[in-house]
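Here is a short report on a single protein chain. Please keep the sequence and the model at hand while reading.

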Amino acid sequence: MSLAVPLSPTSSGFHRSHSDRDLLATERRLTRTHLNSSSSSSNLASQSTHTTASLPSSPPSTSTTSNLLPWDRLQKWLYGIAVVTFDLELGQSIEFLLPTHCKLTEKEKLNLSYLAFPDTNSTSLGDFQYHFRLNHESSNLTTYYQLYNSTVPAALQVDNNILFGYANFRQIHDKSIKRGFFQKSFVILSKLPFISLFLTIVQQLARNFFENGLASLEACCHLMDHQWPELEPGKTLLLPLLDTVLQVRIPTHGDKPFSPSDINQFRSIADGTQTVNTNHNQNSTNQSLKFPIDDDIEFDLSSKNDVESELANNSTMVESIPKYEQQLPCLIPYLYDVNTYRSLSCVLTHIQLLWELILLNEPIAILGSFPTKCSQTVQALVHIIWPLRYASDYYPFFTIHNSEFHQITFNSSAKPSQPPKIIIGVTNPFFAKLLHQWPHIIRIDDNQMKSKTKHEKFLLVEHDDDNLSVNELEDSIELSSSPQAQVKVTKKISTTSKPFKPTQTFTHNTSHLTFDMKVGLYTNYKSHLQRDKTILKKLQSTNSQQRPDTVQNAFLRRFFLELTQSFIIPLERYFTSLLPLKRFYQPSRDPPSIKEFESEEFLKTLDQYGPQLTSGLKGNWKDLYRQFLSTPNFRLWLTNRRHEANTIIYCEYIKTIANCRLEQDFNLSKLNELELIDLVIKFKDLIQRLEMKTDERLITIDSTLRNDFLDKLRIKMKLIIDENLSDDMKTLFNKTRKISSST
């Protein structure tokens, strides 16, 4: 059920020019005193912010909040909202864009208009949600997003040159339109890769917009701008949205896998208690409800009378809490991911092989019939190496009208046998003719989850005839680069299935190859590791048919996480050995550096400290690592780890200087005046870096620790100036110090 949001007095002027918005901000400042004295409705923003802690920075004060312009706060979550319609003369075009000051180039608007509509001839009616990635020209990341990136895992960091689009496409019969169909798409643009969260949001906002119009959407955005908290990784966040409240938590670097909160979340999924039925709760007499608080405390509600008496005794406290904090929220467990089990169901027996392909940045093409399943499959593949970040480019949904179309499909500088190392999801049958030479192709079935058949679905995997394993129950596909050659299907039969006879053959010169290919994986790749049969038995057992998809997804996510962590541990151990020891932190020298990563030296450590210590899988781990060390994934991982380590090293270096003993560590009595001046300049530079808060290496430092370092550095600099420099230099430095302190 959607809820029409009543218009607030300020909603009529919500989207204005910058001059009008400045007047609105001035009006807010003048009425700040009145706003502070008003009750709950005007205090929603401050109470929402008080509910959860902020990033490592001081929370905004009331005066700062009152000076914010419309969308200035919401734009950290949503970059903009676009409505794309189909015009008989112009084709797909953007009907309007919110806010009006949302910056998109003409090229980006053109790409957006085409990506907002499915690139297929589907006649399905209703609303369909999917997502895509849009290249975006932008300046450097703001300090806020830099702080956010330093707090969250690499896979969730913001890329300033990428926008995520979350689309809700509606297609229904409409006799009043010449084409006979109403076709319009509602798109949310955001820099944040929160797939599950924004697909939920776009579905509700789109339904409200299609039913109640633009005015209701503006009013809803106005409320979101005031009620939504700041981006706060590591804390439980409540996001009021129309008649519901969404509960999410953004992961952080410090999260430990399978922590108590994760186990509780998994149990809630397994028990089917993720969503609460209100009527069932009223009839139950002994149950526990998990409220949206940070400590994961469960309250035991023994009876309805106890609840009523408790509410009666605390009626004053309840009245002071906003209504959206009193209702049970809708929990989104993994706000950044899709259902991996459902997305990879058509290639489930090859999940381990797919993990290797993603780890090694192999090019993969996903051929589907509709962007919903296609985009989810691409996103699931990208996240199976979590917490590693996929370094290559990927397109959850790609059309023939994309500006990058010729670069990907008709790149004259690249050989046909060497496609770009990307993952691409397409729905237009024309791509089957262009991408048939790609080394790895996945054909997905968009309607597979709707009906379950008793016949065994074989997964197509191309192998050399000499090395084909009967136990793998896979097809042997002979793909020829000749456009006239036919594809021959030869089936290896399992003992539990009937012989398969192909009913038709197809050639590569047809434009409808996508619809003739059977569902499955087409590849020549030979896995380095032996297949883990335990997870397959767990996912394909008889009990799994009665198990909810959410539980299956939790099993699969845990398998991928354990596999990736077993792969990362040897890398982390070797990288730790490259870090400088504490004895190399000396105040009189520059910060110590990290040693270079030597691939051969690392490979030598695998025999003693390899993944066999944490994983039961057998295989050629060393060759897998050797290939991984030449991939973009490894280079990105190493860059991120070096950046994190340099941040720690620099903070430790400043701490060493702040706690040093001047005479013993610097030998002040033996320094001449020029060397003393250089030392003062060094202290002054460190003080400025701490004060300006612009150095990326110091952006995450705790404010208390920062102030402590500043006090100690200022005292030491003053001692050097007053006790060791000449009178002229004292006058000069004291003068500049007074000027800097006054400014």
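## Model and confidence

This is a predicted model: local features need pLDDT of at least 70, side-chain atom pairs count only at pLDDT 80 or more, and totals for chains, interfaces and linings use all residues. Residues are numbered from 1 along each chain as its sequence is written, and side-chain values use heavy atoms, with hydrogens and water left out.

The mean pLDDT (the predictor's confidence in each residue, from 0 to 100) is 74. A share of 69% of the residues reach 70 or more. Residues 1-66 stay under 50. The model has 98 contacts (heavy atoms within 4.5 Å) beyond four places in sequence for residues 1-66. Residues 448-514 also stay under 50, with 123 such contacts. Where pLDDT is low, the predicted coordinates should not be read in detail.

## The five-stranded sheet

Helices (H or I, at least four residues) and strands (E, at least two) are DSSP runs, numbered from the N terminus. Two strands pair if DSSP finds at least two bridges between them. Five strands form an open sheet in the order β2-β1-β5-β4-β3, with antiparallel pairing. Its edge strands are β2 (91-98) and β3 (126-135), each pairing on one side only. Neighbouring strands are turned by 25° against each other on average, direction ignored. Axes here are lines fitted to C-alpha atoms, for helices over the stretch in contact, and angles run from 0 to 180 degrees between N-to-C directions.

β1 (residues 80-87) pairs with β2 in the antiparallel sense over seven bridges. Valine 84 has isoleucine 94 in β2 as its bridge partner.

## Helix α5 and its cover

Helix α5 spans residues 106-115. Its buried residues (under 20% relative accessible area; exposed is over 50%, partly exposed in between; 1.4 Å probe, protein chains only) are Glu108, Asn111, Leu112, Ser113 and Leu115. Their cover includes β1, β2, β3, β5 (181-190) and β12 (394-398).

## The α7–α8 pair

Helices α7 (residues 195-212) and α8 (residues 214-227) pack at about 145°, their axes 7 Å apart. α7 contributes Leu205, Asn208, Phe209 and Asn212. α8 contributes Leu214, Ser216, Leu217, Cys220 and Met224.

## Glutamate 230

Glutamate 230 lies in the loop between α8 and β6 (236-241). Is glutamate 230 buried or exposed? Glutamate 230 is buried, with a relative accessible area of 10%. The side chains of glutamate 230 and lysine 76 are joined by a polar contact of 3.0 Å. A polar contact is a pair of N or O atoms within 3.5 Å; within protein, one must be able to donate a hydrogen and the other to accept it, and residues adjacent in sequence count only if both atoms are side-chain atoms.
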